[in-house]
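Please read the report below alongside the sequence and the three-dimensional view.

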Amino acid sequence: MKLKIAIQKSGRLYDESVKLLKDCGIDLKNGVNKLKTESDNFPMEIYFLRDDDIPQYVEDAVADIGIVGENVLYEKNKKVDIVERLGFGKCRLSVAVGRSEQYDGVGYLNGKRIATTYPLLVQQFLEKNKVDAEIHEISGSVEIAPGIGLAHAIVDLVSSGSTLLANGLKEVETVLQSQAVLIRNGRLDAEQQQVLEKFLFRIRAVKKARNNKYILLNAPNEKLQEIIQMLPGMKSPTVLPLAEPGWSSVHSVLNENDFWEIIEKLKDAGAQGILVIPIEKMVI
Ligand code: ATP
Ligand code: MG
């Protein structure tokens with residue numbers, strides 16, 4: 001038995017999806033067949049598909065699991081389960097209007113025409129906000145719609161906002177915050193479920209490692225207690241004596257989010273020779 005996973009064939013999720021498999025220790029065969037490949041060292045078969053098709057394939061059990069953006073998943077509205085948020089492919093689905101428009105809240109959209117490739121999500125957004133607007137579904141290049149007189153507003157994916165800016169638009173509402181998620185078919189058998197659990201265990205170890213750094217520093221012994229308080233680590237930091245009397249080496253794990261703030265405090269407390277090292281896997 002091989003667990004079948006669907007990932008994007010090419011595009012914004014491809015690199016990170018392949019990297020996640022690799023970081024999970026799942027080696028892919030470099031086959032000539034670009035539609036699917038398998039792993040030599042893990043019971044997994046990999047299908048390369050357009051992201052729009054992935055929810056359907058997983059619902060139909062053509063693939064057992066898949067990696068897809070939440071934006072696509074909710075728009076397609078298929079019966080699949082979300083197993084894990086993956087922390088990449090982050091973007092938002094936003095409403096944008098011409099930069100010179102006087103936007104004064106969602107009411108602005110009443111009676112307007114909105115161009116989008118996400119008609120379902122836009123419809124839900126309009127209903128939730130009790131706005132009556134016309135949805136104009138197009139299949140791409142949404143950002144040019146206001147400029148050519150096709151629509152008054154658009155709903156499209158944004159990450160930096162530079163595409164909007166280049167097209168004379170401004171972002172005025174967020175419809176959805178999105179990232180890549182792992183989805184599964186709802187009827188996996190016990191064996192498939194077991195392989196999925198194994199895969200998930202590895203994904204979680206990789207995600208934790210990505211969010212944490214290994215830190216080493218030298219501390220004068222009289223400051224040790226103060227410095228240890230700042231570095232709780234997984235259980236507690238490792239403290240080893242240095243060859244030079246009166247000094248110790250402290251080893252610990254630090255969360256990426258607190259990183260800069262804590263580094264500054266450590267320096268202020270007298271820490272020296274601070275080294276920060278990436279962690280490959282982390283199992284707690
Ligand atoms: P496909 O050929 O597979 O249909 P696509 O052109 O629909 O590809 P991409 O542009 O490769 O899709 O984006 C894939 C996913 O990456 C998006 O659905 C979204 O979840 C995510 N993403 C992250 N950042 C962005 C962004 N700035 N713009 C668009 N998508 C983004
Ligand atoms: Mg697509």
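Ser252 is buried, with a relative accessible area of 4%, where buried means under 20% relative accessible area, exposed means over 50% and partly exposed lies in between, with a 1.4 Å probe and protein chains only. Ser252 belongs to strand β14 (residues 247–255); strands (E, at least two residues) and helices (H or I, at least four residues) are DSSP runs numbered from the N terminus. A polar atom of the Ser252 side chain lies 3.5 Å from the backbone nitrogen of Gly233, a polar contact being a pair of N or O atoms within 3.5 Å, of which, within protein, one must be able to donate a hydrogen and the other to accept it, while residues adjacent in sequence count only if both atoms are side-chain atoms.

This is a predicted model, in which local features need pLDDT of at least 70 and side-chain atom pairs count only at pLDDT 80 or more, whereas totals for chains, interfaces and linings use all residues. Residues are numbered from 1 along each chain as its sequence is written, chains are lettered from A and ligands numbered from 1 in the order in which they are written, and side-chain values use heavy atoms, with hydrogens and water left out.

**Ligands**

Ligand 1 is surrounded by 16 residues, the closest being Arg12, Asp51, Asp52, Asn71 and Ser159; a residue is near a molecule if one of its heavy atoms lies within 4 Å of it.

| Residue | Distance to an oxygen atom of ligand 1 |
|---|---|
| Arg50 | 2.8 Å |
| Asp51 | 2.8 Å |
| Asn71 | 2.7 Å |

Of the 620 Å² of accessible area that ligand 1 has on its own, the protein covers 77%, with areas taken from the Shrake-Rupley method with a 1.4 Å probe.

Asp52 is itself partly exposed, at a relative accessible area of 26%.

**Aromatic rings**

The count comes to 4 aromatic pairs, under a rule by which rings of Phe, Tyr and Trp (its six-membered ring) pair if their centres lie within 6.5 Å, and planes under 30 degrees apart count as stacked, over 60 as edge-to-face and the rest as tilted. One of them joins Tyr14 and Phe48 in a tilted arrangement, 6.3 Å centre to centre with 50 degrees between the planes. This pair links distant parts of the chain, with Tyr14 in helix α1 (residues 14–23) and Phe48 in strand β3 (residues 44–49), 34 residues apart. Tyr14 is partly exposed at 28% relative accessibility, whereas Phe48 is buried at 10%.

The rings of Phe42 and Phe199 have planes at 50 degrees and centres 6.5 Å apart, so this pair is tilted. Phe42 lies in the loop between β2 (36–38) and β3, and Phe199 in helix α6 (residues 190–210), 157 residues apart. Phe42 is buried at 4% relative accessible area, and Phe199 is buried at 0%.

**Distant parts of the chain**

Gln192 is in helix α6 and is buried, with a relative accessible area of 14%. Gln192 and Asp64 are 128 residues apart in sequence, yet 8.1 Å apart in space, C-alpha to C-alpha.
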